[in-house]
Amino acid sequence: MSHPVSTPILYSGPLSMFGAKAQIAALEKALAFELVMVDYESQRGYEPKHPEVLRINPKRQVPVLVHGGLEIFDSTQIFEYLEDLQPAPPLWPAGAQERAHARLLEHKSDEVYFPHVIKLMGLQQVLHGEPARAAIAACTAYCMEMEALLEGRKWLAGSYSYADIAFFMAALFGERQGAPLTAAMPRLLAWRGRMMARPAVAPVVHAMGAWLIAAGRPAPAFMLPGS
């Protein structure tokens, strides 16, 4: 079966953690794709919703990927499609158990760690309150698990993978919301430096940082162009 000849279209947004995941993955694969950055407004978010996002995704969210007759959403599903579409360079490990472990880490970044960050998004005015402290503690505990995982290795699943992309973006949002990587996490800090050195990662992060500054919102120093 031949691959679609059309150019993939990725719908993302300037503050979409999941969209940034998909964008980084497509860049890592050196795929030619069209990026449609859906308008975002600080007070109303992504309202009004982009019509293609509404048509394709019943969750009404980016990212959405369109490639020929294929229309999919969810960053993890996009990861899987990109891996089949462009196997090299591989972004899942080769062995079955190693690949399963990497998939688990990618899933945990989205579904175990990131919900605590989402909770913090609604608690920015009360970060000293008990709910925020509990969410920050949960983020920190998860980060310490990843810190331990990096002992003796450069990447979370052994080889560089979607697991690294997923946790990098989730932790970036944790940093923005009051749950930063700390000096107690030297391996994670070094890992973040390796991530930012990747040509597929830095442009996505710097564009997001520039958008935040232009909107009058704070951004961690590592997100800024020239950092």
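**View 1. In this predicted model, helix H6 passes helix H8 in a right-handed crossing.** The contact between the two helices is made by Phe168, Met169, Leu172, Phe173 and Arg176 on the H6 side and by Val205, Met208 and Leu212 on the H8 side. Sorted by class, the residues of this contact of H6 with H8 comprise seven nonpolar, no polar and one charged. H6 covers residues 162-176 and H8 covers residues 202-214, and their axes come within 13 Å of each other while crossing at roughly 25°. Because angles under 35 degrees count as roughly parallel, H6 is described as roughly parallel to H8.

**View 2. Helices H1 and H3 pack with their axes 9 Å apart.** The angle between H1 and H3 is about 10°, and the two helices are therefore roughly parallel to each other. From H1, the residues Phe18, Lys21, Ala22, Ala25 and Ala26 take part, and they meet Ser75, Thr76, Ile78, Phe79 and Leu82 in H3. By class, this contact of H1 with H3 is made up of seven nonpolar, two polar and one charged residues.

**View 3. Helices H5 and H7 pack at an angle of about 80°.** H5 runs through residues 130-149 and H7 through residues 186-196, with the axes of the two helices lying 8 Å apart. An angle from 65 to 115 degrees counts as roughly perpendicular, and H5 and H7 are therefore roughly perpendicular to each other. On the H5 side the contact is made by Cys143, Met146, Glu147 and Ala148, while on the H7 side it is made by Pro186, Arg187 and Leu188. The residues of the contact of H5 with H7 divide by class into five nonpolar, no polar and two charged.

**View 4. The largest pocket holds about 840 Å³ of space.** Its lining is formed by 33 residues, and those that lie nearest the centre of the pocket are Ser16, Phe18, Gln61, Val62 and Phe114. The elements that give two or more residues to this lining are helix H1 (17-28), helix H3 (75-85), helix H4 (96-121) and H6. Of the contributions to the lining of the largest pocket, that of H4 is the most, with eight residues. By class, the lining of the largest pocket has 15 nonpolar, nine polar and nine charged residues. Phe18, named here among the residues nearest the pocket centre, is also one of the H1 residues that meet H3.

**View 5. A cis peptide bond joins Val62 and Pro63.** The omega angle of this bond is about 10°, and Pro63 is found in the loop between helix H2 (51-56) and strand E3 (64-67).

**View 6. A cis peptide bond joins Ala88 and Pro89.** For this bond between Ala88 and Pro89, omega is about -5°. Pro89 has its place in the loop between H3 and H4, and both of these helices are among the elements that give two or more residues to the lining of the largest pocket.

**View 7. Ala30 has a positive phi value although it is a residue other than glycine.** Phi of Ala30 is near 55°, and the place of this residue is in the loop between H1 and strand E2 (34-37).

Technical notes: Residues are numbered from 1 along each chain as its sequence is written. This is a predicted model: local features need pLDDT of at least 70, side-chain atom pairs count only at pLDDT 80 or more; totals for chains, interfaces and linings use all residues. Side-chain values use heavy atoms; hydrogens and water are left out. Axes are lines fitted to C-alpha atoms, for helices over the stretch in contact, and angles run from 0 to 180 degrees between N-to-C directions. Helices (H or I, at least four residues) and strands (E, at least two) are DSSP runs, numbered from the N terminus. Angles under 35 degrees count as roughly parallel, over 145 as roughly antiparallel, 65 to 115 as roughly perpendicular and the rest as oblique. A crossing is left-handed if the near helix is turned anticlockwise from the far one by less than a right angle, and right-handed if clockwise. Contact means heavy atoms within 4.5 Å. Ala, Val, Leu, Ile, Met, Phe, Trp, Tyr, Cys and Pro count as nonpolar, Asp, Glu, Lys and Arg as charged, and the others, Gly among them, as polar. On a 1 Å grid over the protein atoms alone, a cavity is a set of points where a 1.4 Å probe fits but cannot get out, and a pocket is an open set with protein on both sides within 12 Å along at least five of seven lines; lining residues have an atom within 4 Å of a point. Grid points are joined across faces, edges and corners, and a volume is the space filled by probe spheres set on the points.
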